Amino acid sequence: MTLAPSGRADAIILIKAFYSPGEIAELASVSSSTILNYIKAGKLPAVRLSERTFRVPRKAVVRFLGLDEPAPKIVDRPDAEIDL
């Protein structure tokens, strides 16, 4: 699977940029047909690679699964954080 260990048993960290409907179905504990229906209904954004192949961006998967993704750290002076 495409998950990275996070230190917590209940946490999921997605590490790929795009996921197949089958992978999302496994994470959500639903059938891949359900995920395809969401994609075709426009409820889950996806990129169509061919007539029968879709890939879903990580951000859409995070929103769909209701996962909390840490916000990026904003630094005023990035050079101040580097030890030379």
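Student: Which side chain does the side chain of Glu23 join in a polar contact of 2.8 Å?

Tutor: Happy to start there, and keep in mind that this is a predicted model. Glu23 has its place in helix α1, and its side chain also reaches the backbone nitrogen of Ser20 at 2.9 Å. The polar contact of 2.8 Å between side chains is the one that joins Glu23 to Lys16.

Student: Does Glu23 count as buried or exposed?

Tutor: Let's compare its value with the cut-off. Buried means under 20% relative accessible area. The relative accessibility of Glu23 is 18%, so Glu23 counts as buried.

Student: How are α1 and α2 oriented to each other?

Tutor: Good one! Helix α1 covers residues 21–28 and helix α2 residues 32–40, and their axes lie 8 Å apart at an angle of about 115 degrees. Angles of 65 to 115 degrees count as roughly perpendicular. The two helices, α1 and α2, are therefore roughly perpendicular.

Student: How many nonpolar residues are in the contact of α1 with α2?

Tutor: From α1 come Pro21, Gly22, Ile24 and Ala25, which meet Ser32, Ile35, Leu36 and Ile39 of α2. By class, no residue here is charged and 2 are polar, while the nonpolar ones number 6.

Student: And how are α1 and α3 oriented to each other?

Tutor: Helix α3 spans residues 58–65, and α1 packs with it at an angle of about 25 degrees, the axes being 11 Å apart. Angles under 35 degrees count as roughly parallel. That is why α1 and α3 are described as roughly parallel.

How values were computed. Residues are numbered from 1 along each chain as its sequence is written. This is a predicted model: local features need pLDDT of at least 70, side-chain atom pairs count only at pLDDT 80 or more; totals for chains, interfaces and linings use all residues. Side-chain values use heavy atoms; hydrogens and water are left out. Axes are lines fitted to C-alpha atoms, for helices over the stretch in contact, and angles run from 0 to 180 degrees between N-to-C directions. Helices (H or I, at least four residues) and strands (E, at least two) are DSSP runs, numbered from the N terminus. Angles under 35 degrees count as roughly parallel, over 145 as roughly antiparallel, 65 to 115 as roughly perpendicular and the rest as oblique. Contact means heavy atoms within 4.5 Å. Ala, Val, Leu, Ile, Met, Phe, Trp, Tyr, Cys and Pro count as nonpolar, Asp, Glu, Lys and Arg as charged, and the others, Gly among them, as polar. Buried means under 20% relative accessible area, exposed over 50%, partly exposed in between (1.4 Å probe, protein chains only). A polar contact is a pair of N or O atoms within 3.5 Å; within protein, one must be able to donate a hydrogen and the other to accept it, and residues adjacent in sequence count only if both atoms are side-chain atoms.
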